[in-house]
Amino acid sequence: MTSRKDVPDTNRRPRVAADLNAPRVLVLNASYEPLHVTSAKRAITLVQYGVAEILEDSDDVVRSPSTVMPVPSVIRLRRYVRRPRVHPVPFNRRNVLRRDTFTCQYCGSPEELTMDHVLPRSRGGRHTWENVVTACRACNQRKGNRTPEEAAMPLRTRPRAPTFGVYAHGQFAHWQPQWTRYLGG
């Protein structure tokens, strides 16, 4: 994969970054593990002080009277930051939809989505990541108070708690396509 730096494009004019405080720079640990998303302002500061290195540039630039600097899209910290505990992704409807890529887990339809309990709550099913999937209204009604096996409706993917990568894809309005190879998605 070639980066923007490898292929010069004389016709393309970089645009000036509009909001440097918007969360749009992916921060990776020294081990390339995604840590969080930060503002362009913070990312530029980390790079300038030598705390981080730029792995990918965005199409935006920051201008000063004497310098034009590309705004990073992905940075990597030079030193490993130990995280004591990984914070779980909050369990809510929006994040279930993100995890399931806004499609029914029975038929693949993106229309009229609801949440369905794989093992119905009336039969002891819990309201957890591992038991809730996205389903279209028709499939949810067809399945009813049965398990997918009883209803002969196999799941497309087995439900599980999402990782940071899945969460970051939908969480931030300024998601960058360059992040995909670092988020494993």
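View 1. Glu 53 has a relative accessibility of 21% and counts as partly exposed, whereas Arg 76 is buried at 15% (buried means under 20% relative accessible area, exposed over 50%, partly exposed in between, with a 1.4 Å probe and protein chains only). This is a predicted model, where local features need pLDDT of at least 70, side-chain atom pairs count only at pLDDT 80 or more, and totals for chains, interfaces and linings use all residues. Residues are numbered from 1 along each chain as its sequence is written, and side-chain values use heavy atoms, leaving out hydrogens and water. The two side chains meet in a salt bridge of 2.5 Å, N to O (a side-chain nitrogen of Lys or Arg within 4 Å of a carboxyl oxygen of Asp or Glu). Arg 76 sits in strand S5 (residues 68-77) and Glu 53 in strand S4 (residues 52-63), so the pair ties together parts 23 residues apart in sequence. Helices (H or I, at least four residues) and strands (E, at least two) are DSSP runs, numbered from the N terminus.

**View 2. Arg 181 reaches Glu 56 in a salt bridge.** Their closest N and O atoms are 3.1 Å apart. Arg 181 belongs to helix H5 (residues 180-183) and Glu 56 to strand S4, 125 residues apart. Here Arg 181 is exposed, at 51%, while Glu 56 is buried, at 9%.

**View 3. Arg 123 and Glu 150 form a salt bridge.** The N to O distance is 2.9 Å. Both partners are partly exposed: Arg 123 at 41% and Glu 150 at 44%.
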